[in-house]
Amino acid sequence: MVLGTYKDAICARATDKSIQKVSQDGGIVTALLSYALDEKIIEGAVVAGPTEEMFKPEPLVALTSDEIISAAGTKYTFSPNVWALKLAVRQYGLEKVGTVAIPCQLMGIRKMQSYPFSTRFLADKIKFVVGIFCMENFPYASLETFINEKMHSSMDMTLKMDIGKGKFWAYTDEEELSIPLKETHGYEQAGCNICKDYTAELSDVSTGSVGAPDGWSTVLSRTENGKSIFDKAVEAGLIETKPMDSVKPGLGILEKLSDGKKTKAVDEIKKRVEMGLPVPF
Amino acid sequence: MSEKIVISPTSRQEGHAELVMEVDDEGIVTKGRYFSITPVRGLEKMVTGKAPETAPVFCQRICGVCPVPHTLASVEAIDDSLDVDLPKSAKLLRELTLSASNLNSHAIHHFLIATDIVPEELFATAVNSVGEIRKTAQYVVDMVAGEGIHPSDVRVGGMARNISELARRKLYTRLKALVPKVNAHVDLILDLVEKKGFPKGLGVVNQPLFASANIYGDRNFFDLDRFTEIMPESWYDDPEVGKRACTTIPLFDGVNVEAGPRARAAKFRGFTEKGVIAQHVSRALEMKTYLSRAIEILDELDTSAPTLADVDFRGTNKLGVGAIEAPRGLDVHLAQVVDGKVGFYSALVPTTWNIPTMGTATEGFHHEWGAHVIRAYDPCLSCATHVMVVDDEDKSVVKDEMVRI
Ligand SMILES: Cc1cc2nc3c(=O)[nH]c(=O)nc-3n(C[C@H](O)[C@H](O)[C@H](O)COP(=O)(O)OP(=O)(O)OC[C@H]3O[C@@H](n4cnc5c(N)ncnc54)[C@H](O)[C@@H]3O)c2cc1C
Ligand code: SF4
Ligand SMILES: [Fe+2]
């Protein structure tokens, strides 16, 4: 299945205006983790928290909704959230942990849960993982190149970055800057070119912008647990939904992109194998 | 006519050791010799020449029973050599780690002696009680020091990080809830030890008390000038034993000593009993000491305070001493950092101190009690072993170059 296993596909967004204001898309990640925290399904969540430097995240063990909200918005560079999971169950003392992860991080998490080397008593404490769609990720220096050199702006001026409609966008107070996505090619980390998972297939719930209208998200409920948390958050009025087939552009585009990513990755893997390079799959 | 009774290896203890008893016609032990037959640990040699931060990481692996005390003794030796001033919170977190770990370790010993003292109908109760105490105690070590067995977050200069308020409150609540369980456990053990009917006077020795502190350990107690170490050949008057024994004999003020729970209780808690029963009683009671200290620390801990000092790893050439009161006695590590590397390292571990004392403690009673006397000390041999078997054929120890300071 090109989108992995899922129970429901739905278009959704957080109803809370304060989440909408800071979130990347429909604020689904922030709303779900906050809901899980309020309902004591989790005691805290590892998120990509802010640092002194704009758009340079650092894993944060968030113990309050405010901390979860402080991490809203996509940072298109690495935040080693998996690393902080152990911290969360050790010095932070969490016994029920939630987190947000891109697909490759999810592979790490699920593998770690199956083979808990150096992660004693961690596997069973991970109670809720929200996955986010991911086509590629960039070293921070790449982002600096896009913003400073290609768009002639600066990190400090940038309020939000986004990828969509074939472009890499940077929003400032006054302008909507963009460069064609093609111009970012080669600046992504090399591993992304052999990554076959676009839609975070190993998550409890996964979400991204593709398929949904602006300000909304596409949500795939995958596990029993994930579906139950999502459904309850909808019931509680924290998330509003629209049927996927009622919105444009709809699930088709997501399937197309996911399929494309898999095909390209398989080709690249073949190429690397032929050159004698190691590939993890 | 004297006969020799040999128990090899002595059982329900960590590592391998042998008890050789000479007995008279009535089976009464006239001479007891106890010695380690576990091969060399060698870790001191491994850390020499390495970066100072390596020492605690390697040396915590000296023993699987006392990884926490060895981590702490090692890190304290390096701290001392580097002249680090530890932040207050780091000291508290280290002491909390040790208190919880020692509580856990004493519980394990009750598991080891269960078949000696626990009747069939109470067996499940006793073993479950051990399990429950261990689970909570190890949870504390996990959270505070990163890992329950080989803690990753005890660092040169302090602790990697403080615990969160949530963690502090959780641990406090759980340890408070553990108090009645530990009290009941201690009562059970005391009762069973009494009912076992150990002969009066069994295992009594009159050696100096080798204990540095009530709970954590005090490096000032360990005066290097009062310490000597001799080879087993010159200690055991049986050449066969002397040849095969794998530990050196450490002496303080020229004599062998007693270390461990009873020594601490006698020196710091006004405990006056001696012998096998006293070992068991003091060990059980000490569980309460550790638990209440752990609770006290969690009460006063400032979770927002820093836990790691700035460290200059180049070193001052000073011989650093780490002295930690491990469950079985004082664990001393000595380290000297020279030009940013470990120049010298030596560990004088708990059971090594007790080995020469334990054998003689079997004397004067029937040899049937011999193994009980040994187990009362809860010996742990693998960390104690200090010299190398060089001839595999006859297991003789012929080189002593690993023991010189
Ligand atoms: C590198 C990257 C590439 C992406 N590519 C696509 C794509 O091709 N198509 C698509 O539809 N969606 C993509 N997304 C997802 C999208 O940008 C949004 O993150 C997603 O839709 C969630 O939005 P939201 O409003 O629900 O989340 P919000 O409520 O805004 O919360 C976002 C959450 O993501 C976490 N986060 C932010 N940056 C990172 C990071 N670098 N690593 C791990 N976690 C992070 C934050 O901690 C926060 O909790 C990508 C995300 C990333 C990080
Ligand atoms: S494309 Fe794959 S490997 Fe690259 S960041 Fe996204 S999930 Fe990770
Ligand atoms: Fe040991």
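This is a predicted model: local features need pLDDT of at least 70, side-chain atom pairs count only at pLDDT 80 or more; totals for chains, interfaces and linings use all residues.
Helix 2 of chain A contributes three residues to the shell around ligand 1, the most of any element.

Altogether, 32 residues surround ligand 1, and the closest of them are Asp25(A), Gly27(A), Thr30(A), Thr74(A) and Lys75(A). Which classes of residue make up the shell? By class there are 15 nonpolar, 14 polar and three charged residues.

Let me turn to individual polar contacts. Gly27(A) places a backbone N or O atom 2.7 Å from an oxygen atom of ligand 1. For Thr30(A), an N or O atom of the side chain is 2.5 Å from an oxygen atom of the ligand. Thr74(A) also takes part through its side chain, with a polar atom 2.7 Å from an oxygen atom of ligand 1. How much of ligand 1 does the protein bury? Of the 900 Å² that ligand 1 exposes when taken alone, the protein buries 98%. Two elements give two or more residues to this shell, namely helix 2 (28–38) and strand 2 of chain A.

Eight strands of chain A form an open sheet with mixed pairing, in the order 3-2-4-5-9-10-1-11. At its edges are strand 3 (58–62) and strand 11 (239–243) of chain A, each of which pairs on one side only. From one strand to the next, the twist averages 30°.

Within the sheet, strand 2 (residues 44–49) and strand 4 (residues 97–101) of chain A pair in the parallel sense over three bridges. Here Gly44(A) stands opposite Val97(A) of strand 4.

Next, the helices against the sheet. Helix 5 (residues 103–114) of chain A lies across strand 4 and strand 5 (126–132), and runs at about 155° to strand 5. Helix 7 (residues 224–235) of chain A also packs on the sheet, where it touches strand 1 (8–14), strand 5, strand 9 (205–208), strand 10 (217–221) and strand 11. The direction of helix 7 makes about 105° with that of strand 11.

Finally, ligand 2. Which residues are around it? They are Ile102(A), Pro103(A), Cys104(A), Cys134(A), Met135(A), Glu136(A), Asn137(A), Gln189(A), Cys192(A), Cys195(A) and Lys261(A). This shell divides into seven nonpolar, two polar and two charged residues.

Methods:
Residues are numbered from 1 along each chain as its sequence is written. Chains are lettered from A and ligands numbered from 1 in the order in which they are written. Side-chain values use heavy atoms; hydrogens and water are left out. A residue is near a molecule or strand if one of its heavy atoms lies within 4 Å of it. Ala, Val, Leu, Ile, Met, Phe, Trp, Tyr, Cys and Pro count as nonpolar, Asp, Glu, Lys and Arg as charged, and the others, Gly among them, as polar. Two strands pair if DSSP finds at least two bridges between them. Helices (H or I, at least four residues) and strands (E, at least two) are DSSP runs, numbered from the N terminus. Axes are lines fitted to C-alpha atoms, for helices over the stretch in contact, and angles run from 0 to 180 degrees between N-to-C directions. Contact means heavy atoms within 4.5 Å. A polar contact is a pair of N or O atoms within 3.5 Å; within protein, one must be able to donate a hydrogen and the other to accept it, and residues adjacent in sequence count only if both atoms are side-chain atoms. Accessible areas come from the Shrake-Rupley method with a 1.4 Å probe; for residues, only the protein chains shown count as cover.
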